[in-house]
Amino acid sequence: MAHPTRRRRARRDPARILLRAFAGLVFFFLMLPLVVVFPISFSAGSYLRFPPPGFSLQWYERYWNDPIWIDATIRSLQVGVATTVLALAVGIPLAFGLTRARFPLRGAIEQSISAPMIVPHIVLSIAIYGLFSKLGLIGEWYGIAIAHTVLALPFVVIVLVAGLRNFDLNLELAARGMGASRFQAIRRVTLPMVAPSVYSAAFLAFITSFDELVVAMFLSGANMTLPKKMFDNIMTEIEPTVAAVSALKILFISILLLLSLRFRKAADTPIAH
Amino acid sequence: MASNSDKTSGDLSVTGIHKRYGQVRALADVSLTVAAGEFLTILGPSGSGKTTLLKVVAGFETPDEGDVRVGGRDVTDLDPAQRNIGMVFQNYALFPHLTVERNVAFPLEMRRVPTAEIRTRVAEALALVELTGFEHRLPRQLSGGQQQRVALARAIVFRPTLLLLDEPFGALDRKLRESMQLEVRRLQQRLGLTTLFITHDQEEALVMSDRIAVMDSGRLEQVGRPRDIYEAPQSPLVADFVGESNILSGTVEAAEGAAPAVRLEGGTLIRVAADGAVPAPGARVRVLLRPERLGDAGDDPGAENRIPGTVVESIYLGLSDKYRLRIAGGIELLARMGASRTARRYAEGDAITVGFHAADARIIEVR
């Protein structure tokens with residue numbers, strides 16, 4: 001009897017109403033750019049203006065038919081995938097080491113992992129530029145991928161370390177007690193169970209690279225990544241192609257995010273065979 | 001799998017095991033043998049080293065000194081995977097991402113048993129723990145007791161030489177715990193599995209074990225049958241840890257007749273059990289007196305000892321009454337008296353004379 005009355009009262013609670021209003025405001029604030037970008041990308045006008053004078057697909061067409069835009073897109077995808085693979089290849093063993101092994105300076109290493117997040121990208125970029133120009137890596141897509149791996153690594157390691165800390169080590173011991181080698185135990189038990197963290201880490205690594213501008217400006221030379229091309233485009237000609245590209249990017253990242261959530265869910269609730 | 005031809009259990013012998021973690025001594029010269037088919041319990045408080053011992057046997061820890069032999073084979077330097085030991089973990093350690101069937105199949109898959117055989121053996125193991133029909137559930141869809149059974153099935157499906165149980169009943173409620181204890185014991189006897197069981201619950205140890213090894217501060221205090229551990233503890237620590245106890249300090253007096261006598265610190269003279277070596281007069285000793293062996297002196301004319309005292313506290317426990325008494329010299333005694341219809345009940349402040357037999361007062365320490 002007491003329960004429903006308490007509920008009804010809770011709903012009228014002013015603090016609750018305030019919280020909802022605040023949440024709504026934050027949501028609106030976050031969504032506003034989308035509300036502007038999407039209509040402009042379909043603009044019939046020839047320069048950036050909101051609201052658009054009319055609607056057309058001309059800016060999407062222009063993007064699609066311009067080999068420079070397409071090249072930049074492919075390069076960014078390439079760099080993003082390579083960054084993801086590299087960051088996981090380095091990050092997974094590193095996270096295992098940080099959570100499992102006992103060695104000197106472990107604490108210091110774990111602390112310094114987040115350094116690339118703290119150091120301003122421009123400083124990092126100059127440093128990497130100096131190094132890479134000696135190595136002849138400027139203008140090469142894999143040069144950018146290596147630099148992006150440095151940026152993505154903190155995210156990957158932080159997410160994986162959190163995942164591995166939550167993992168019950170007894171599960172791995174149990175597997176080994178039942179005849180699994182160390183490697184088998186990790187492959188059959190640990191990795192499937194920390195898979196949600198691995199998917200999150202992969203996603204973060206990819207978008208860290210895919211949306212990165214500062215490092216790309218220093219390292220890409222003539223071979224632009226997508227953010228660099230977008231930046232150049234805005235600097236030189238103010239026309240809605242950028243809006244169209246942005247809309248496509250948002251769509252692409254959203255799909256990627258949904259997929260990674262899907263994977264995480266699938267990893268959480270495996271289907272009985 | 002219950003047939004005799006399948007009996008693969010072997011004996012376990014642990015010799016001179018030492019293990020330190022930095023400054024902390026976890027195991028100090030532990031030696032122990034468990035006969036083939038025997039159920040031995042390591043009983044000890046938390047931090048006594050019992051889990052470390054289990055890990056050393058399982059192969060998850062390497063001892064600093066000493067060796068471990070299972071079924072006559074020295075396994076001290078073997079990887080856990082090669083020891084063929086089944087283990088049930090405290091929290092069961094079921095793989096949450098695998099179904100019951102896949103969990104139980106895991107050790108067989110690791111041994112590359114053919115798929116068809118895996119299927120029959122998993123079915124057999126699940127039938128043994130009465131979980132047929134739960135094959136396709138995930139661990140989290142099971143109750144605590146069912147999870148426990150899966151863990152058990154998984155630990156025995158590969159016919160291990162030795163079964164290790166690490167406080168497996170801790171998470172269960174009392175009723176379920178008691179029925180699982182009996183069930184595990186029956187299964188163990190039926191399969192003739194050599195079993196090393198770890199617990200801090202003395203009642204559990206008494207119920208389940210062929211023998212009990214009491215452990216404290218990394219040492220084995222006493223190893224013996226449950227009855228010996230309870231009735232003839234060899235140290236105050238064992239007496240105190242297993243069951244309730246009164247441990248009284250006193251001095252041995254010159255024996256008159258057969259029964260030796262001890263003068264308690266408060267001046268009371270009591271007759272104590274004569275078995276074992278009775279120390280010479282003048283020796284300082286400690287005497288164990290189990291609360292349930294103290295009775296109303298009026299009900300027991302045969303009791304050699306009669307001690308007057310006052311009830312300090314009276315607690316009703318249903319099955320019995322528990323009294324805290326004060327005797328000469330301010331010494332406090334715990335007494336448990338049966339709740340039979342004829343039993344007299346005492347209230348706080350009442351005078352009482354408790355009686356007990358000399359055979360129930362045992363010298364457990366000479367100082």
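Buried means under 20% relative accessible area, exposed over 50%, and partly exposed in between, computed with a 1.4 Å probe on protein chains only. The legends below describe a predicted model, in which local features need pLDDT of at least 70 and side-chain atom pairs count only at pLDDT 80 or more, while totals for chains, interfaces and linings use all residues. Residues are numbered from 1 along each chain as its sequence is written, chains are lettered from A and ligands numbered from 1 in the order in which they are written, and side-chain values use heavy atoms, with hydrogens and water left out.

Figure 1. Not counting residues up to four places away in sequence, B:Pro279 touches B:Val252, B:Val285, B:Ile363 and B:Val366, where contact means heavy atoms within 4.5 Å. A separation of 62 Å lies between the C-alpha atoms of B:Pro279 and B:Val113, which are 166 residues apart along the chain.

**Figure 2. Interface of chain A and chain B.** Chain A contributes 21 residues to the contact, and chain B contributes 26 residues. About 2,100 Å² is buried between the two chains, 63% of it from carbon and sulfur atoms; buried area is the accessible area (1.4 Å probe) that two parts lose on being put together, summed over both. The rule finds six residue pairs in polar contact across this interface, both residues being at pLDDT 80 or more. A polar contact is a pair of N or O atoms within 3.5 Å; within protein, one must be able to donate a hydrogen and the other to accept it, and residues adjacent in sequence count only if both atoms are side-chain atoms. On the side of chain A that touches chain B, helix H9 (169-177) and helix H10 (182-210) of chain A each supply at least two residues. The largest share of that side, seven residues, comes from H9(A). By class, the side of chain A that touches chain B comprises eleven nonpolar, six polar and four charged residues. In this classification, Ala, Val, Leu, Ile, Met, Phe, Trp, Tyr, Cys and Pro count as nonpolar, Asp, Glu, Lys and Arg as charged, and the others, Gly among them, as polar.

**Figure 3. The salt bridge between A:Arg188 and B:Glu109.** Side chains of opposite charge can pair when their charged atoms come close. A salt bridge is a side-chain nitrogen of Lys or Arg within 4 Å of a carboxyl oxygen of Asp or Glu. In the pair shown, the closest N and O atoms of A:Arg188 and B:Glu109 are 2.5 Å apart. The pair crosses between chains, from A:Arg188 in helix H10 of chain A to B:Glu109 in helix H2 (residues 100-110) of chain B. B:Glu109 counts as partly exposed because its relative accessibility is 23%.

**Figure 4. Salt bridges within chain B.** B:Asp228 pairs with B:Arg225 in a salt bridge whose closest N and O atoms are 3.2 Å apart. Relative accessibility is 29% for B:Asp228, which therefore counts as partly exposed, and 46% for B:Arg225, also partly exposed. A salt bridge also joins B:Arg324 to B:Glu332, with the closest N and O atoms 2.6 Å apart. B:Arg324 is partly exposed at a relative accessible area of 27%, and B:Glu332 is partly exposed at 34%. Salt bridges that share partners link B:Arg227, B:Glu231, B:Arg293 and B:Asp360 into one network.

**Figure 5. Helix H7 (residues 121-135) of chain A.** The helix has 15 residues and reaches 20 Å from its first C-alpha to its last, close to the 21 Å expected at 1.5 Å a residue; the expected span is 1.5 Å times one less than the number of residues. A:Leu124, A:Ser125, A:Ile128 and A:Phe132 are the buried residues of H7(A). These buried residues pack against helix H8 (141-166) and helix H11 (214-219) of chain A. A:Gly136, whose phi is positive, near 70°, follows H7(A).

**Figure 6. Polar contacts of B:Ser209.** B:Ser209 is found in the loop between helix H6 (202-208) and strand S9 (211-216) of chain B, and is buried, with a relative accessible area of 8%. Its side chain makes a polar contact with the side chain of B:Thr41 at 2.5 Å. The side chain of B:Ser209 also reaches the backbone oxygen of B:Ala205 at 2.5 Å. Leaving aside neighbours within four places in sequence, B:Ser209 is in contact with B:Phe39, B:Thr41, B:Arg185 and B:Pro226.

Note on methods:
Helices (H or I, at least four residues) and strands (E, at least two) are DSSP runs, numbered from the N terminus.
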